[in-house]
Each structure stands twice: as structure tokens, then as C-alpha cells.
Amino acid sequence: MAKDRNNHLDYARPVRRILIGGIVLFLFGLFLLWRIDSPRVERFRAALVDRVVPSFDWALIPASKLAEMADGFQSYTRIYEQNQELRRELRQMKAWKEAALQLEQENAKLLDLNKVRLDPQLTYITGVVLADSGSPFRQSVLLNVGARDGIIDGWATTDGLGLAGRISGVGRNSSRVILLTDSNSRIPVTIQPSGQRAMLTGDNTAAPPIEFLENADLVRPGDRVVSSGDGGVFPAGLLVGQVALGPDRRMRVILSADYERLEFLRVLRSHDNEVIKDPGALVVPPLPLPAPQTVSEAEPAGD
């Protein structure tokens, strides 16, 4: 008898039904087991957990490996960030090294000029910072020294390290200091060692820009910035800060004065400059006036 090949049994569907039904019954029984509130069932659940859970350590291996990979990636990220920070610090150290070499050269020049006479009239009086203006558009502070202490409007102030600002407004017992970061601040500066003259203008930021620079190609980041003394605004040679290239590609100055901790300020007592009325007298001394003749010399001799 020929075998009918089209008449074959399909065992997959009943087996799948049996498996699904068994899994549903197992889960339903497990649900009921965890919902029964009985001391005996509680002991059985504890024994079942102690028996089954330790044998599933193999199932946690992929998760533990993934966690280790995530920790390793985070550690590599931290190492990369630390490497970038070390690179930035190395660049800053190179700038400080160049500044130290410039200061060493300047110190050697000053030691060579050992007969330089310092200005004895440039003294200072120290005042305590009382308060700031509290406005983002006006960078100023108040000092507890004023007209009673001989403070005059326009005098320079420092924090002991670098130039901080100038006196702008004097009362009897207090005075206001306009900081270099204020938008109303304009001071002439000299950039060393190139000797370029420029103007430091405040713009309400921590690093004010440099404007009216003579030759920008001679100025590099890290150069020293001091007051030039032009116009008699400030005494010459006061430390202002260092040149830096801002995010906007403009030359800016990192101020030496620590504006985050302004507790005391020194007000420099400067004196009025000598007014030169006859510039030619500096080169050629004026001719001496003829001596006046007496009456006896003017009268002719004789009877």
C-alpha cells in the first residue's frame, strides 16, 4: 500500500500549547506561593530563595562584565580629562616661565642701574573695603578712607600685588574706587618687553581688552603689562597683569589684582607733575640777563 506523504502529523502546535500552559500554571502557582501569608509558607519561600538564587550566579556574569566595562570607560574618560588639564597647565607654566625670564632680565637691568633714585613722595595709605556696588554694570568698591585722610580724587589703588583701580569720588570718611574692569575705566599701559603703548579699557569682564595697540605682532600672550604714566593718570611702572588671548581672539589682560578677595586696598599718594612752560629751556638754558647799571657808571666823568 502506498504511503500518503501529504498526510503527516504536526507535533509542534500541541507541544507549544503544552509548554505555554505549563509556564502559565507555574507562574500562577509562584504568584500564589508569594501571596500566601503563613509562617510555614514563609519558611518554605526562604528555603527556596536560599536554594535557587546562589545557583544563578552564572546569569549575573554578563551584567557584571558590562558594569566593569562601564567603570573602565569612565576611568579612561577621567584619565583623558586629567591629561587635557595637564596640557593646559603645561602651557600656563610655559607662559609663566617666559614671564619669569622677562622679569629676570628686567631685574638684571635694574641691578645694573644701581644709582636709580626712587620717588620718595610716592607713599600709600591702606583702607578697608567696606562694600561693592552690587551691580554687574558698575565695578566699584567703597573704602573707609576719605578726605580726612588726605585722599584726592584720581589716585591709584592696589591690592599689594597689582593695580586695582582709581579713586573716583571722595567723601569725608569714605571714598569710591572704580576698578579696572569697570566700563568707565581707561588707563594707558605699556606692554613689556616690546615697549608697546596701548589703552586698557574695562568692559565689565574679569579680563579687560587692550585697545589702540601700536603693533600687535610684537605682543605675545604672557607679556607683562604695567602702567605707562602717560597723561599723569597713574605713576609709571605699576603692575597691571599679563597679556592673554581671549575667546574672541582679542588681546586681553589677566589682572594681577585678586578681585575675588578685595579686603584691603592701598591708595598711592601721588604728587602733581611739574608743568613745563618752556620746552626749549630743557635743551638750551636761557641767556643771562644783563646786569643793571648804576647811576655812577651811567654819568660821564668830568666837571
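Visitor: How many bridges join strand E2 to strand E5?

Guide: Strands of a sheet pair through backbone hydrogen bonds, either parallel or antiparallel. Two strands count as paired if DSSP finds at least two bridges between them. Here, E2 (residues 140-143) and E5 are joined by four bridges and run antiparallel. One place to look is Leu143, which stands opposite Ser175 in E5. Before we go on, note that this is a predicted model: local features need pLDDT of at least 70, side-chain atom pairs count only at pLDDT 80 or more, and totals for chains, interfaces and linings use all residues. Residues are numbered from 1 along each chain as its sequence is written, and side-chain values use heavy atoms, with hydrogens and water left out.

Visitor: Which other strand is joined to E5 by four bridges?

Guide: That is E4 (residues 163-170), which also runs antiparallel to E5, with four bridges between them. Arg166 has Ile178 in E5 as its bridge partner. E4 and E5 are linked by a hairpin through four residues.

Visitor: Is E5 mostly covered or mostly open?

Guide: To read cover, we use relative accessible area: buried means under 20%, exposed over 50%, and partly exposed in between (1.4 Å probe, protein chains only). E5 is mostly covered, with four of its five residues buried. Over the chain of 303 residues, buried ones make up 23%.

Visitor: What lies between E5 and E6?

Guide: A loop, and Thr181 is in it. Thr181 counts as buried because its relative accessibility is 3%. Contact means heavy atoms within 4.5 Å. Leaving out residues up to four places away in sequence, Thr181 touches Gln139, Gly202, Asp203, Asn204, Thr205, Ala206, Leu255 and Tyr259. For the chain, take the contacts with a separation of 6 or more: 53% of them are between residues 24 or more positions apart.

Visitor: What is the strand order in the open sheet of six strands?

Guide: The order is E8-E7-E6-E9-E10-E11, with antiparallel pairing. E8 (210-211) and E11 stand at the edges with a single partner strand each, so one side of each has no neighbour in the sheet. Inside this sheet, E6 and E7 run antiparallel and share six bridges. There, Ile187 has Leu200 in E7 as its bridge partner.

Visitor: Which residues have the most contacts inside the largest nonpolar core?

Guide: A nonpolar core is a set of buried Ala, Val, Leu, Ile, Met, Phe, Trp, Tyr and Cys residues joined through side-chain atoms within 4.5 Å. The largest one here has 19 residues, and Leu163, Leu200, Ile210 and Val240 have the most contacts inside it. Strands E6 (186-192), E7 (196-201), E10 (239-245) and E11 (251-255) each give two or more residues to this core. A second, separate core has 15 residues, including Ile125, Leu143, Ile151 and Ile167.

Visitor: What is Ile210 in contact with, leaving aside its neighbours within four places in sequence?

Guide: Its contacts are Ile191, Ala198, Met199, Leu200, Val243, Met251, Arg252 and Val253.

Visitor: How many salt bridges does a search of the whole structure find?

Guide: Side chains of opposite charge can pair when their charged atoms come close. The cut-off for a salt bridge is a side-chain nitrogen of Lys or Arg within 4 Å of a carboxyl oxygen of Asp or Glu. The search finds seven. In one of them, Arg252 pairs with Asp203, and their closest N and O atoms are 3.0 Å apart. Arg252 is in strand E11 and Asp203 in the loop between E7 and E8, so the pair ties together parts 49 residues apart in sequence. Arg252 counts as buried, at 12% relative accessibility, while Asp203 is partly exposed at 26%.

Visitor: Which residues are linked with Arg252 in a network of salt bridges?

Guide: The network links Asp203, Asp248 and Arg252. Asp248 forms a salt bridge with Arg252, with closest N and O atoms 3.0 Å apart. Asp248 is partly exposed, with a relative accessible area of 37%.

Visitor: Which residue forms a salt bridge with Arg250?

Guide: Glu211 does, and the closest N and O atoms are 3.4 Å apart. Arg250 lies in the loop between E10 and E11 and Glu211 in strand E8, so this pair ties together parts 39 residues apart in sequence. Arg250 is partly exposed at 32%, and Glu211 is partly exposed at 27%.
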